[in-house]
Amino acid sequence: MTRVFLVDDHEIVRRGLVDLLGSAPDLTVVGEAASVGEAMARIPSSGADVAVLDVRLPDGNGVELCRDLRNVLPDLRCLMLTSFADDEALFDAVMAGASGFVLKQILGTDLISAVRTVGAGGSLLDSRATAALMQRMRSERTADPLAELSDQERAVFDLIGQGLTNREIAERLFLAEKTIKNYVSRLLAKLGMQRRTQAAVLATELRNKR
């Protein structure tokens with residue numbers, strides 16, 4: 001059973017999603033919220049596997065909410081729901097760690113399938129979206145993106161790409177967690193990145209090229 005949490009500021013949308021997802025025997029809605037504040041307060045204790053997040057919310061946006069949620073719940077899968085197609089929003093969502101990005105106009109059966117795919121660990125990013133993301137990342141960095149990193153920073157970078165937390169990296173490298181945090185801050189600055197997820201995406205791409 002996949003546990004789903006819904007975040008949308010329109011009650012009629014949430015009601016429709018509850019009815020739709022509730023009709024699937026393997027999905028259950030464990031909670032809902034109408035704002036970023038409510039979501040941050042409720043989701044961590046909900047036991048949700050998947051969070052369906054509206055991109056536009058009254059006190060913030062779903063992309064930032066996704067990033068903040070995944071910082072505290074790294075196993076949570078986020079599915080972004082929006083009324084409009086926007087490459088910039090797509091890029092931001094992927095950088096925040098979202099597993100998928102779907103339009104509200106999606107058919108009900110397709111949304112159920114999307115939640116199942118994301119819940120199982122899959123991604124809903126199509127080939128066009130992935131190509132656009134990689135092209136943008138390539139245009140934002142030098143030919144050798146790791147040229148300025150020290151050996152220790154490269155080691156930390158590689159472990160970030162494997163999904164390890166600062167504490168796990170510290171244990172692996174026999175260093176203090178605070179030291180790793182400093183390494184992460186420095187390597188992000190050298191790579192011109194703001195978020196750990198961006199480094200993880202780059203590490204994964206470089207590893208796949210080896």
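Of the 210 residues in the protein chain, 43% are buried, where buried means under 20% relative accessible area, exposed over 50% and partly exposed in between, with a 1.4 Å probe and protein chains only. The model is predicted, so that local features need pLDDT of at least 70 and side-chain atom pairs count only at pLDDT 80 or more, while totals for chains, interfaces and linings use all residues. Residues are numbered from 1 along each chain as its sequence is written, and side-chain values use heavy atoms, with hydrogens and water left out.

The protein chain contains 10 helices and 7 strands; helices (H or I, at least four residues) and strands (E, at least two) are DSSP runs numbered from the N terminus. Among contacts between residues at least 6 apart in sequence, 64% join residues at least 24 apart, a contact being heavy atoms within 4.5 Å.

**The annotated aspartate**

The UniProt record, an unreviewed entry, places the annotation "modified residue: 4-aspartylphosphate" on Asp 54. UniProt positions are given in the numbering used here, feature names are shortened, and annotations may be inferred rather than shown by experiment. Asp 54 belongs to strand S3 (residues 50–54) and is buried, at a relative accessible area of 4%. Beyond its neighbours within four places in sequence, Asp 54 contacts Val 7, Asp 8, Asp 9, Gly 62, Leu 81, Thr 82 and Lys 104.

**Cysteines and Val 94**

The structure has 0 disulfides, a disulfide being a pair of cysteine sulfur atoms within 2.5 Å. Cys 66 is in no disulfide, and its nearest cysteine sulfur, that of Cys 78, is 3.5 Å away. Cys 78 is likewise in no disulfide. Cys 66 is buried at 0% relative accessibility, and Cys 78 is buried with a relative accessible area of 0%.

Val 94 is located in helix H4 (residues 87–95) and counts as buried at 11% relative accessibility.

**Helix contacts**

Two packed helices are described by the angle between their axes and the distance between the axes. Here, axes are lines fitted to C-alpha atoms, for helices over the stretch in contact, and angles run from 0 to 180 degrees between N-to-C directions. The table lists two contacts of helix H9 (residues 177–191).

| Helix pair | Axes come within | Crossing angle |
|---|---|---|
| H8 (residues 166–173) and H9 | 8 Å | roughly 110° |
| H7 (residues 151–161) and H9 | 9 Å | roughly 90° |

At roughly 110°, the axes of H8 and H9 cross such that H8 is roughly perpendicular to H9; angles under 35 degrees count as roughly parallel, over 145 as roughly antiparallel, 65 to 115 as roughly perpendicular and the rest as oblique. From H8, Asn 166, Arg 167, Ile 169, Ala 170 and Leu 173 meet Glu 177, Ile 180, Lys 181 and Val 184 of H9. This contact of H8 with H9 has 5 nonpolar, 1 polar and 3 charged residues, where Ala, Val, Leu, Ile, Met, Phe, Trp, Tyr, Cys and Pro count as nonpolar, Asp, Glu, Lys and Arg as charged, and the others, Gly among them, as polar.

For H7 and H9, the axes cross at roughly 90°, making H7 roughly perpendicular to H9. The H7 residues in this contact include Val 156, Phe 157 and Ile 160, and those of H9 include Tyr 183, Leu 187 and Leu 191. By class, the contact of H7 with H9 comprises 8 nonpolar, 1 polar and 3 charged residues.
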